[in-house]
Amino acid sequence: MSNSIYNKLVNKETTIAVIGLGYVGLPIALEFARKIKVVGFDINAERVELMKKNIDPSNELDASEFEGCDITFTANIDDLKEATFFVVAVPTPIDDSNLPNLKPLLSATGTVAKVLKKGDYVVFESTVYPGCTEEDCVPVLEEISGLKFREDFKIGYSPERINPGDKEHTLQNVIKVVSGCCDESLEEIAKTYELVVGAGVHRATSLKVAEAAKIIENTQRDVNIALINELSIIFNKLNINTFDVLEAAGTKWNFLKFSPGLVGGHCIGVDPYYLTHKAQQAGYHSKVITSGRYVNDSMGFYIGKQTVKKILAKGKHIQDARVLVMGATFKEDVSDIRNSKVIDIINELKSFQVKVDLVDPHASSTEMEHEYGVGLVANPTNNYDAIIVAVNHREYQKLTEADFENMMKDDKGVFVDVKGIFKGKINRLEYWSL
Ligand SMILES: NC(=O)c1ccc[n+]([C@@H]2O[C@H](COP(=O)([O-])OP(=O)(O)OC[C@H]3O[C@@H](n4cnc5c(N)ncnc54)[C@H](O)[C@@H]3O)[C@@H](O)[C@H]2O)c1
């Protein structure tokens, strides 16, 4: 047991390196750094400079969470040489054709491979399809390092369940799935993660099982939301309020509680494509998962169209209409705008020549402009024909009907409440929700 990598880490005889310090990597790096020596590596030197000043570039962690941490932030690969246990947490996005884009993952794997030594461990945290770690990452590690998998180095896979903006389900209090390439590595990796995950770890029976577990957590959520989104389209046609139906059905013990809405971000709306890609390679064309993706990806356009219909029904010329969209991020109370589906609402409105203003207390106007070509307005006016509350930010929940009325052009204002948070509170404006 003296050779145990876990013992060496705990005795600070060696270092753990976290590669990729974003929403996932930084919290895990800081958590480890309260117990063991950590090198935090990121290719983005600007982000590294911020972290050196105890600033989280993702706006999730306070400066106080950097205190008492034994961590060196770096963008220099030489600083990785002292590490023997590597954790890779880089993005796994999709490309324009919704296919997995493994470039960041394989590039980070290549970085690790350049400094890999005999006896080292590499644990992947990035969300991937089952088999990716062994089939795509291991060959890169072997080829660049010249070392042999299992004989010279070990690998593991431990998916992340972190939920940005959620202060209740944290890294420490949610069970973490871990896996290894053999019994010994599983135990070493499990013990290392047990240092920081108070809720404990679940030892998965293989790397592929751990990879699959993560991907189905998000796929299940995506498909369930898609069903509710489809139901909301049906109920809209039948003039039934979806949230009333969900409230009634939710009184049954086994009715699953999902609500309709936009499915954006870089997890739920992306991960299912990793699974369908792998399924296709294995000769199976997924139907349920891809249908769910189709429905969820259509919701922004659907909301835009419904808003246009409501404005027209008020006897207005749509080309003269002005709409305020409140909320740009992919979910409430975060600043992340990547893969936000709010842009679909805006594009649909603009396709009808509607003039759109966008506000968001959390998002950066520069980033919105850069990513989508749509900036934020600093101060909304008071000449809107419709207001769409697209994201359930805490700042919006405090607003009243009078606040919205004050921003409308006239008394024919349309109020679109995507998440149904103002249900029962809007009586004078024309109210519509999913
Ligand atoms: N954000 C979440 O809520 C969440 C939850 C669970 C799992 N995941 C998964 O975790 C992984 C990471 O996601 P994230 O949200 O932390 O991403 P992120 O974009 O917030 O951060 C990724 C970081 O990796 C860095 N990076 C990119 N390429 C690199 C490379 N080659 N070498 C070193 N650093 C590199 C980037 O500069 C960035 O700082 C993804 O696979 C994601 O699907 C994310």
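In this predicted model, the ligand is surrounded by 29 residues. Gly20, Gly22, Tyr23, Val24 and Ser126 are the closest of them. Sorted by class, the shell around the ligand holds 14 nonpolar, eleven polar and four charged residues. Helix α4, residues 103–115, supplies four residues, the largest share of that shell.

**Helix α4 and its partner**

Helix α4 also packs against helix α5, which covers residues 132–145. Their axes come within 8 Å and cross at roughly 35 degrees, and the crossing is right-handed. On the α4 side the contact involves Leu105, Leu106, Thr109, Gly110, Val112, Ala113 and Lys114. The α5 side contributes Asp136, Cys137, Val140, Leu141, Ile144 and Ser145. Taken by class, this contact of α4 with α5 has eight nonpolar, three polar and two charged residues.

**Domains**

The domain assignment of the protein chain gives domain 1 as residues 5–204 and domain 2 as residues 230–433. Taken over C-alpha atoms, the centres of domain 1 and domain 2 are 35 Å apart. Where the two touch, domain 1 provides 14 residues and domain 2 provides 15 residues. The side of domain 1 that touches domain 2 has nine nonpolar and five polar residues, with no charged residue.

**Helix α10 and its partners**

Helix α10, residues 288–313, packs with helix α11, residues 342–351, at an angle of about 40 degrees. The axes of α10 and α11 are 7 Å apart. The crossing of α10 past α11 is right-handed. From α10, the residues making the contact are Gly300, Phe301, Ile303, Gly304, Lys305, Thr307 and Val308. Val342, Asp344, Ile345, Glu348 and Leu349 make it from α11. The classes in the contact of α10 with α11 are six nonpolar, three polar and three charged residues.

Helix α9, residues 271–281, is another partner of α10. The axes of α9 and α10 come within 10 Å and cross at roughly 145 degrees, in a left-handed crossing. Pro272, Leu275 and Thr276 of α9 meet Ile289, Thr290 and Arg293 of α10. This contact of α9 with α10 divides into three nonpolar, two polar and one charged residues.

| Helix pair | Axis separation | Crossing angle |
|---|---|---|
| α4 and α5 | within 8 Å | roughly 35 degrees |
| α9 and α10 | within 10 Å | roughly 145 degrees |
| α10 and α11 | 7 Å | about 40 degrees |

Methods
Residues numbered from 1 in each chain as written. Predicted model: local features only at pLDDT ≥ 70, side-chain atom pairs only at ≥ 80, totals over all residues. Near = placed C-beta within 6 Å. Helix = DSSP H or I, 4+ residues; strand = E, 2+ residues; numbered from the N terminus. Nonpolar A, V, L, I, M, F, W, Y, C, P; charged D, E, K, R; others polar. Domains from an automatic or database assignment. Contact = placed C-beta atoms within 7 Å. Axes fitted to C-alpha atoms, helices over the stretch in contact; angles between N-to-C directions. Left-handed = near helix turned anticlockwise from the far one by under 90°.
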